[in-house]
Amino acid sequence: MASAVVPPAVSAALAQGLWELLVSWRPAYDLMGGLLHRPLPYRAAIAVLCALAVLGWYLLLRRRLGPAALAVGALTWLAGLGLLCCQVAPGASFLFTLPALAGAAGWWGALLLRGPAWARAAVALLGPVTAAMLLPGLARDVFDGMGLALGGVSALVLALFGLIVVPVGELFLPDPATRPKRAAVLAAPFTALLLAAGLVAAGLVGDVFDADRPQRTHLAYVMDAGTRTAHWVSADADPARWTRQYVSGHDVSALPAGYARGTLWTGPAPAIAAEGPRADVLAHRADTLKLHVTAGKGTRSVTLRFDRPITHATASAGRFGSVGVPVTGTRTGTWPAEIRFRGLPAQGVQLTVRLRDKDRIRLTVIAETDGLTGVPGFVPRPPGLVAATREDGDLTAVTRGYTLTGPS
């Protein structure tokens with residue numbers, strides 16, 4: 001049972017490692033969230049790597065622990081996952097309990113059945129056949145929903161499928177007491193790695209971007225309403241040619257304080273006629289700050305970033321009522337606290353926040369409007385490019401910064 005943890009863990013690590021390699025070889029994949037246009041060769045490569053992990057585990061331990069112990073250990077994990085799902089996701093428990101039950105019944109029947117070898121083999125296949133009807137489909141659904149960026153989750157499911165299928169190999173393997181030949185031991189991993197490499201190469205060749213299967217790219221416009229300085233911003237690791245006409249380097253020093261998050265490409269942009277958001281201080285006492293925030297006409301959303309962590313936030317928007325929520329954790333790669341509003345009413349919103357540190361607070365308010373067509377000089381994307389899914393992409397952001405020196 002303890003050893004059966006190894007194949008799923010190794011499979012997940014190999015799948016995630018493969019994704020990191022794909023992103024390093026083709027940076028455009030990074031903005032696609034793992035949902036590629038032609039992912040089948042990469043999925044097949046992950047399946048091969050999972051088979052390698054499961055076979056390696058089984059072949060290395062079958063002489064030491066015995067086939068029966070490995071089969072029982074694998075079925076125990078499936079049964080345990082089924083019991084866990086009974087508590088947290090009852091509708092999904094059958095995906096694990098049925099293969100475990102069928103596998104246990106099949107192996108038990110194969111041991112007790114008196115008859116020809118083919119009949120015993122057919123009974124032993126009850127578990128693998130049941131698993132084949134459920135687990136590969138689950139892995140495919142996870143691939144479709146999470147993409148290759150989280151391919152380790154699908155790899156876990158495929159490895160579980162392998163755990164229940166691999167004991168069938170005993171029908172074709174020599175006696176466990178027989179020491180295998182060195183050539184046979186090396187042939188399996190070498191063949192699997194070669195096949196996986198070929199599938200990855202086929203994926204890189206076949207998954208090309210075109211008008212029907214466009215590449216994603218990120219671009220945003222940000223202007224500081226106080227200084228009237230504006231910049232184009234892109235989070236692409238390797239910007240496309242169209243994006244490079246707007247960005248040229250990684251200098252984020254001129255961006256509004258608190259705006260940058262992660263590694264960004266930037267470039268100068270013309271200023272637009274926009275007043276920008278406002279945050280008027282209504283009260284600042286002890287660790288509590290009360291603000292009245294307005295975003296301006298046509299604004300889709302407004303974001304507030306604080307350079308101090310906050311522990312509680314309450315928003316009141318007139319007839320829409322009031323709501324308060326505790327806040328835990330901090331944002332990484334930018335200022336630690338962020339509040340985001342959608343559909344801010346024209347009269348604004350009253351916001352009360354409780355901060356951990358009450359001295360000298362810096363605040364940046366970002367008003368966001370859909371689209372970039374209002375920026376002078378903007379040229380729409382060519383057919384082979386579409387907007388990335390990052391939340392600040394294809395937005396015109398106008399910011400205003402504030403420094404609050406202490407409670408009053």
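One term before the first stop: buried means under 20% relative accessible area, exposed means over 50%, and partly exposed is in between (1.4 Å probe, protein chains only). This is a predicted model, where local features need pLDDT of at least 70, side-chain atom pairs count only at pLDDT 80 or more, and totals for chains, interfaces and linings use all residues. Residues are numbered from 1 along each chain as its sequence is written, and side-chain values use heavy atoms, with hydrogens and water left out.

**Stop 1: rings**

Start with the aromatics. A search of the whole structure turns up ten aromatic pairs; rings of Phe, Tyr and Trp (its six-membered ring) pair if their centres lie within 6.5 Å, with planes under 30 degrees apart counted as stacked, over 60 as edge-to-face and the rest as tilted. Select Y29 and Y42, an edge-to-face pair with 6.1 Å centre to centre and 80 degrees between the planes. Y29 is in the loop between helix 1 (6-25) and helix 2 (40-65), while Y42 is in helix 2, 13 residues apart. Helices (H or I, at least four residues) and strands (E, at least two) are DSSP runs, numbered from the N terminus. Are Y29 and Y42 buried or exposed? Both are buried.

Now pick Y221, W232, W242, Y246 and F378, which ring pairs link into a cluster. Then show R244 and W265: the charged end of R244 sits over the ring of W265, 4.9 Å from its centre. To count, NZ of Lys or CZ of Arg must be within 6 Å of the ring centre and within 35 degrees of the ring normal.

**Stop 2: strand 7**

Select residues 301-306. Six of the six residues of strand 7 are buried, so the rest of the structure largely encloses this strand. Both faces are covered, with S301, T303 and R305 on one side and V302, L304 and F306 on the other.

What flanks it? Strand 10 (residues 337-342) pairs with strand 7 in the antiparallel sense over six bridges, and T303 stands opposite R340 there. Strand 12 (residues 361-370) also runs antiparallel to strand 7, joined by six bridges, and T364 in strand 12 is the bridge partner of R305. Two strands pair if DSSP finds at least two bridges between them.

**Stop 3: strand 11**

Move to residues 349-355. V349, L351, V353 and L355 make up the covered face of strand 11, whereas Q350, T352 and R354 are on the uncovered one. Six bridges tie strand 11 to strand 6 (residues 288-294), antiparallel, and another antiparallel set of six joins strand 11 to strand 8 (residues 310-316). Centre on V353: this residue is the bridge partner of L289 and also of A313.

**Stop 4**

Most residues other than glycine have a negative phi. R228, not a glycine, has a positive phi of about 60 degrees. R228 is in the loop between strand 2 (220-224) and strand 3 (229-234) and is partly exposed, with a relative accessible area of 37%. Next is D394, again not a glycine, with a positive phi of about 55 degrees. Look for D394 in the loop between strand 13 (385-387) and strand 14 (395-404); D394 is partly exposed at 24% relative accessible area.
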